[in-house]
Amino acid sequence: MLRQLGPGLITGASDDDPSGIGTYAQAGAQLGFGIGWTMFLTFPLMAAIQEISARIGRTTGHGIAGNLCRHYPGWLLYSVVTPLFLANTINIGADLCAMADVVKLLIGGPGAVYAVAFGAICALATIVMNYAHYVRVLKWMTLSLFTYVAALFAVGMPWGEALLGILVPKLAWSSEFFTTLLAILGTTISPYLFFWQASQEAEDQRVDRRAKPLVKAPWQAFGAFGRIRADTLTGMAFSNLIALAIILTTAATLNKAGITSVESSAQAAEALRPIAGEFAFVIFALGIVGTGLLAVPVLAGSAAYAIGEACKWPIGLSRKPRDAAAFYSTLAGSTVLGITITLAPIDPIKALYWTAVINGLVAVPVMFVMMIMTAQPRVMGKFTIKGWLRWLGWAATLAMAACALGMIARWIV
């Protein structure tokens, strides 16, 4: 069973990247236990939209951009792919900043050098390593997220109050609440996750000589869909469990201590030190580095898959660099641009938080396109998305749209 876990598990784990950790930490510090209920809201919505993404890749043999390229006009394709590339690049820069800041807190030294080193390591590992070995490394790196479970039990947790916050939603009509809610949804239901999981399903199908796109081999659908569901539910449950642990940890420590403005994961780790002790600080900080090493390649890879499919290049991490030069150049270019952001005079604290907001805004049109695409037999053959999975997919799409509109309305007012 563990060998069957792949794209879903890696996707779910990479969702808790340093910018996501910063968002969850800010939410817990600002709103306390009262925001914990969002994880129970996002889990079914996230699981549904990610399963839909995976089915697109496994059914058609192409990622989201590849299907847009084949079945829809160019203006729609590039209106989806361009914002994704920009959002991913900003996200890479924000994650590298957070990783560098944490290492600087732990051992001192120049943060800029750490950011460049982390970016180079992620890009080189993606390009040089064998695909099967690389996927295995990504799977093992998901274990770094358990540091946040350790941090949860390292602080004095009022479990009764925490459970009440999880089960009883607290709402507020304010721009701060809607911005925080959109940031949580944006970092939990992010567009790069859709593209990555769809493309990885298509990639795994190409690598496996026995597998074929389900539109050409419908007899493989039963086993493929069962594996996708188990993989996706496991990955998304893991992702939301870690996110909830971060929210509860910062709510029990920072919020209780009156620290309500924590806008980066590194700042959250530093704030934990005098309140929860050195152990909580160290494991929280190490978790940021581990998740960043997992998330940066996924961010760069999803951007490369999207651009490569849009341009009809040879794509895939299973290909040799000489056989997919443009694809790997895009992957490396996205990482280099992210590194450049870390060297620019941009406030990394604000970049981390607003990256999640940007992801939330970009996700809305992508999700609408996905839901329309998966209803059309010309794309999905006889495997169009129906029933409760379709209803949950639309619920996720409308929830993201409602939060985005609510935030914009509060800004205007």
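Gly-63 is buried, with a relative accessible area of 0%; here buried means under 20% relative accessible area, exposed over 50%, and partly exposed in between (1.4 Å probe, protein chains only). The model is a predicted one, in which local features need pLDDT of at least 70 and side-chain atom pairs count only at pLDDT 80 or more, while totals for chains, interfaces and linings use all residues. Residues are numbered from 1 along each chain as its sequence is written, and side-chain values use heavy atoms, with hydrogens and water left out.

Gly-63 is located in the loop between helix H3 (38-60) and helix H4 (64-71). Helices (H or I, at least four residues) and strands (E, at least two) are DSSP runs, numbered from the N terminus. When neighbours within four places in sequence are set aside, Gly-63 is in contact with Ile-56, Ala-198, Ser-199, Ala-202 and Glu-309, where contact means heavy atoms within 4.5 Å. Gly-63 and Ala-310 are 247 residues apart along the chain, and their C-alpha atoms are separated by 9.9 Å.

His-62 lies in the loop between H3 and H4 as well. With a relative accessibility of 25%, His-62 counts as partly exposed. His-62 and Thr-340 are 278 residues apart in sequence, and from C-alpha to C-alpha they are 31 Å apart in space.

Helix H3 also contains Arg-55. Is Arg-55 buried or exposed? Its relative accessible area is 13%, so Arg-55 is buried. Beyond the residues up to four places away in sequence, Arg-55 touches Thr-60, Phe-225, Ile-228, Arg-229, Met-380, Ile-385 and Leu-389. Thr-23, in helix H2 (residues 18-31), is buried with a relative accessible area of 1%. The C-alpha atoms of Thr-23 and Ala-183 are separated by 6.7 Å, although these residues are 160 residues apart along the chain.

The view can now be widened to the whole chain. Its secondary structure consists of 18 helices and zero strands. The radius of gyration is 20 Å, close to the 22 Å that the globule rule gives for 413 residues, so the protein chain is as compact as a globular protein of that length. This radius is taken over C-alpha atoms, and the globule rule is 2.2 Å times the number of residues to the power 0.38. Along the principal axes, the C-alpha atoms fill a box of roughly 60 × 45 × 45 Å. Of the 413 residues, 60% count as buried. Among contacts with a separation of 6 or more, 83% come from residues 24 or more positions apart.

The accessible surface of the protein chain is about 15,700 Å², and 69% of this surface belongs to carbon and sulfur atoms. Accessible areas come from the Shrake-Rupley method with a 1.4 Å probe; for residues, only the protein chains shown count as cover.

Individual helices may be examined next. Helix H5 (residues 74-107) has 34 residues and reaches 49 Å from its first C-alpha to its last, close to the 50 Å expected at 1.5 Å a residue. The expected span of a helix is 1.5 Å times one less than its number of residues. After H5 comes Gly-108, whose phi is positive, near 80°.

Helix H15 has 19 residues, and its reach from first C-alpha to last is 27 Å, close to the 27 Å expected at 1.5 Å a residue. Its buried residues include Phe-327, Tyr-328, Leu-331 and Gly-338. Which helices do the buried residues of H15 pack against? They pack against H5, H6 and H14.

In helix H6 (residues 111-128) stands Thr-126, which counts as buried at 2% relative accessibility. Setting aside neighbours within four places in sequence, Thr-126 is in contact with Tyr-134, Pro-297, Leu-317, Tyr-328 and Leu-331. Tyr-328 and Leu-331 are among the buried residues of H15.

Finally, Lys-312 lies in the loop between helix H14 (278-310) and helix H15 (325-343). Lys-312 counts as exposed, at 59% relative accessibility. Its phi is near 60°, a positive value in a residue other than glycine.
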